[in-house]
Amino acid sequence: MYENLLVEKTPPCAVVTVNRPKVLNALNRKTVEELDCAFFELGRDPEVKAVVLTGAGEKSFIAGADINELATYDATGGAAFAKHGQAVLDRIENLGKPVIAAIGGYALGGGCEIAMACHIRIASRKAKLGQPEINLGVIPGFGGTQRLARLVGEGRAMELVLTGDSIDAEEAYRLGLINRLTAPEELMSVARDLAKKLAGKGALAVRYAMEALHRGLQGTLAEGLNREANLFGLCCATQDKLEGTRAFLEKRPAKFSDR
Ligand code: CO8
């Protein structure tokens, strides 16, 4: 049981909802700790193969770090909170299972950063995204200066971080910050359907594909290609590869066992 999160498990998927709608789902320390626990549990739960992360209420995904707490941090406290947040976002990014951010409203500051740590972002047409930290006299601290540039390029990331301006969902889509746009009332069904679709694939191939893609962007092309070949080899040792290729040749849908 969590104070600030709802976790709904309907195997093979789960939905995690940040549930502080009165403060637009701002991330206080307790919520960040709870996200850490929830994703640790979901990561090792064999029944869960894909996760949707969203925010409670109509107005907001997550409106950033809780500014009431931020106001109290000194240098040591600020660095510690940033490092903790970064570790939790790393856990999400390296979960080994797809995590889909379903963004229904504000995804600002830490909210935009957590969405960027997810593997796929779906936003309603009324969503607003941005890194407004500069207006508070600080900089993004949950990975925003790093992941935003990787997603949209350095120039656009620089402009967003330096102006602190929010952009609407259409613009975020145009920049490649989000994968899909939906009508507000369809957001959760689109996110759930995609989670179900991904959960229907072989979990090992999904995990290796995510690892090859994600880690590949952090090194050289040669390292990335080498990793890809090794992970491809690992796939060839799985029951799922046997089943997937056999099913194709027998003209029937594959039934993956995640082994
Ligand atoms: N923290 C705390 N409370 C918040 C936050 C927040 N981030 N965002 C909104 N709230 C509260 C408001 O104070 C208000 O509370 P109350 O009803 O008690 O007055 C309630 O939520 C509703 O908000 P508004 O009345 O402001 O709603 P509006 O529709 O008028 O405006 C906005 C919505 C535009 C989203 C506005 O609330 C806003 O600008 N929020 C702040 C957004 C922001 O600056 N986010 C970045 C925070 S810093 C950050 O995320 C850094 C991450 C890395 C941290 C590293 C740690 C050291």
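The structure is a predicted model, in which local features need pLDDT of at least 70 and side-chain atom pairs count only at pLDDT 80 or more, whereas totals for chains, interfaces and linings use all residues. Residues are numbered from 1 along each chain as its sequence is written, and side-chain values use heavy atoms, with hydrogens and water left out.

The protein is divided into domain 1, residues 5-199, and domain 2, residues 203-249; these bounds come from an automatic or database domain assignment. A distance of 27 Å separates the C-alpha centres of domain 1 and domain 2. Eight residues from domain 1 and five residues from domain 2 take part in the contact between them, where contact means heavy atoms within 4.5 Å.

Helices and strands are DSSP runs numbered from the N terminus (helices: H or I, at least four residues; strands: E, at least two). Two strands pair if DSSP finds at least two bridges between them. An open sheet is formed by six strands in the order β1-β2-β3-β5-β7-β10, with mixed pairing. Its edge strands, each pairing on one side only, are β1 (5-10) and β10 (180-182). On average, neighbouring strands of this sheet are turned by 20° against each other, direction ignored. Axes are lines fitted to C-alpha atoms, for helices over the stretch in contact, and angles run from 0 to 180 degrees between N-to-C directions.

Strand β1 runs antiparallel to strand β2 (residues 13-18), and six bridges join the two. Within this pairing, Lys9 has Ala14 of β2 as its bridge partner, while Val7 stands opposite Val16 in β2. The hairpin that joins β1 to β2 passes through two residues. Pro12 is placed in the loop between β1 and β2, and a cis peptide bond, with omega of about 15°, joins Pro11 and Pro12. Asn25 is not a glycine, yet has a positive phi of about 65°. In general, most residues other than glycine have a negative phi, and most peptide bonds are trans.

A further open sheet contains four strands in the order β4-β6-β8-β9, and its pairing is also mixed. Here the edge strands are β4 (60-62) and β9 (166-168), each of which pairs on one side only. Strand β8 (residues 128-130) pairs with β9 in the antiparallel sense over three bridges, and Gly130 stands opposite Ser166 in β9.

Two packed helices are described by the angle between their axes and the distance between the axes. Angles under 35 degrees count as roughly parallel, over 145 as roughly antiparallel, 65 to 115 as roughly perpendicular and the rest as oblique. The axes of helix α4 (residues 110-117) and helix α5 (residues 144-152) come within 10 Å and cross at roughly 55°; α4 and α5 are therefore oblique to each other. The crossing of α4 past α5 is left-handed; a crossing is left-handed if the near helix is turned anticlockwise from the far one by less than a right angle, and right-handed if clockwise. In this contact, Glu113, Met116 and Ala117 of α4 meet Gly144, Arg147, Leu148 and Leu151 of α5. The residues of the contact comprise four nonpolar, one polar and two charged. In this classification, Ala, Val, Leu, Ile, Met, Phe, Trp, Tyr, Cys and Pro count as nonpolar, Asp, Glu, Lys and Arg as charged, and the others, Gly among them, as polar.

Helix α5 also packs with helix α6 (residues 154-163): their axes come within 7 Å and cross at roughly 135°. This pair is therefore oblique, and α5 passes α6 in a right-handed crossing. Leu148, Ala149 and Val152 of α5 make the contact with Glu154, Arg156, Ala157, Leu160 and Val161 of α6. By class, six residues of this contact are nonpolar, none polar and two charged.

The axes of helix α9 (residues 203-216) and helix α10 (residues 221-236) come within 9 Å and cross at roughly 175°, which makes α9 roughly antiparallel to α10. The residues of α9 in this contact are Ala205, Tyr208, Glu211, Ala212, Arg215 and Gly216, which meet Gly224, Arg227, Leu231, Leu234 and Cys235 of α10. Six of the contact residues are nonpolar, two polar and three charged.
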